[in-house]
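Here are my notes on the model, as numbered points. Please read them with the structure open.

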Amino acid sequence: MIDTSNDTKRKRLLAVTALLCVLSIGVMAIALVQPVDSVDGGFVAPPFDSGAIEGVPVVGDGLGWSEIETPEYKLSVCGVLVLPETTKGNGVKADVWFTNPDANEVWLKLRVLDSDGGVLGETGLLKPGEFVQSIELWSLPAEGDAVVFKVMAYQPETYYSEGSVGLKAAVLKERGQ
């Protein structure tokens with residue numbers, strides 16, 4: 001009589017190995033076909049600012065509003081962050097008059113940072129020729145604190161970075177008139 005137990009074991013091992021290979025190929029095929037958007041950790045495009053206004057703002061004196069020019073783009077913003085006289089809780093709006101001049105070919109976004117780099121608030125994207133008067137602050141700095149306005153520039157449609165610039169600004173509290 002012939003011993004077939006080794007042949008049977010080999011056939012079973014070969015069948016299990018073949019099954020694992022087929023399953024591995026199937027999993028790889030599914031991973032390759034899956035859309036890129038469903039992968040966690042990918043880039044999420046910032047939204048456009050819903051409060052953006054077309055045109056050039058008329059800004060009062062004393063806010064340090066001026067145009068800043070980088071090699072890639074221009075922008076205008078106040079050098080002073082003025083908090084309303086009554087600032088109870090978060091969600092306070094402060095005037096910044098952040099402007100993306102019409103001559104630019106980039107989208108701009110403004111982020112207000114505290115001295116430790118924590119985000120206090122930010123705008124959405126502005127297209128060339130748009131501005132926002134105010135920015136909502138999620139966390140409030142104290143009067144006299146220094147904040148940084150970080151402006152980020154993006155190429156339209158691709159969202160490739162066109163660089164960023166940081167501007168120091170003073171925090172003041174609006175006085176009743």
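1. Y154 is buried, at a relative accessible area of 13%. Buried means under 20% relative accessible area, exposed means over 50%, and partly exposed is in between (1.4 Å probe, protein chains only). Y159 is partly exposed, at 22%. These two tyrosines form an edge-to-face aromatic pair, 6.4 Å centre to centre with 65 degrees between the planes. The cut-offs are as follows: rings of Phe, Tyr and Trp (its six-membered ring) pair if their centres lie within 6.5 Å; planes under 30 degrees apart count as stacked, over 60 as edge-to-face and the rest as tilted.

2. How many aromatic pairs does the rule give? The count is four. Ring pairs join F48, W107, Y154 and Y159 into a cluster.

3. A word on the basis. This is a predicted model, in which local features need pLDDT of at least 70 and side-chain atom pairs count only at pLDDT 80 or more, while totals for chains, interfaces and linings use all residues. Residues are numbered from 1 along each chain as its sequence is written, and side-chain values use heavy atoms, with hydrogens and water left out.

4. Two backbone angles deserve a look. Most residues other than glycine have a negative phi. Y159 is not a glycine, yet its phi is positive, at about 65 degrees. Y159 sits in the loop between β9 (146-154) and β10 (161-173). W97 also carries a positive phi, near 50 degrees, and is a residue other than glycine. W97 lies in strand β5 (residues 92-100). W97 is buried, at 12% relative accessibility.

5. The overall layout comes next. The protein has one helix and 10 strands. Along the sequence the pattern reads α-β-β-β-β-β-β-β-β-β-β. Helices (H or I, at least four residues) and strands (E, at least two) are DSSP runs, numbered from the N terminus. Of the 177 residues, 32% are buried. Among contacts between residues at least 6 apart in sequence, 62% join residues at least 24 apart. Contact here means heavy atoms within 4.5 Å. The accessible surface is about 11600 Å², and 56% of that belongs to carbon and sulfur atoms. These areas come from the Shrake-Rupley method with a 1.4 Å probe; for residues, only the protein chains shown count as cover.

6. Helix α1 covers residues 5-33, which is 29 residues. The helix reaches 42 Å from its first C-alpha to its last, close to the 42 Å expected at 1.5 Å a residue. The expected span is 1.5 Å times one less than the number of residues.

7. Salt bridges number three by the rule used. The rule asks for a side-chain nitrogen of Lys or Arg within 4 Å of a carboxyl oxygen of Asp or Glu. One of them joins R10 and D7, at 3.9 Å from N to O. R10 and D7 are three residues apart in helix α1, so about one helical turn separates them. R10 is exposed, at 59%, whereas D7 is partly exposed, at 40%.

8. Which residues form a network of salt bridges? K109, R111 and E122 are linked in this way. E122 pairs with K109, with the closest N and O atoms 3.5 Å apart. E122 lies in strand β7 (residues 119-122) and K109 in strand β6 (residues 107-113), so this pair ties together parts 13 residues apart in sequence. E122 also meets R111, at 2.7 Å from N to O. R111 is in strand β6 too, so that pair ties together parts 11 residues apart in sequence. K109 is buried, at 5%. E122 is partly exposed, at 26%, and R111 is partly exposed, at 22%.

9. Please check D49. D49 is found in the loop between α1 and β1 (53-54). D49 is buried yet has no salt bridge. Its nearest side chain of opposite charge is K93, 7.4 Å away. For charges, Lys and Arg count as positive and Asp and Glu as negative; His and the chain ends are not counted. Leaving out residues up to four places away in sequence, D49 touches T123, G124, L125, L126 and V132.
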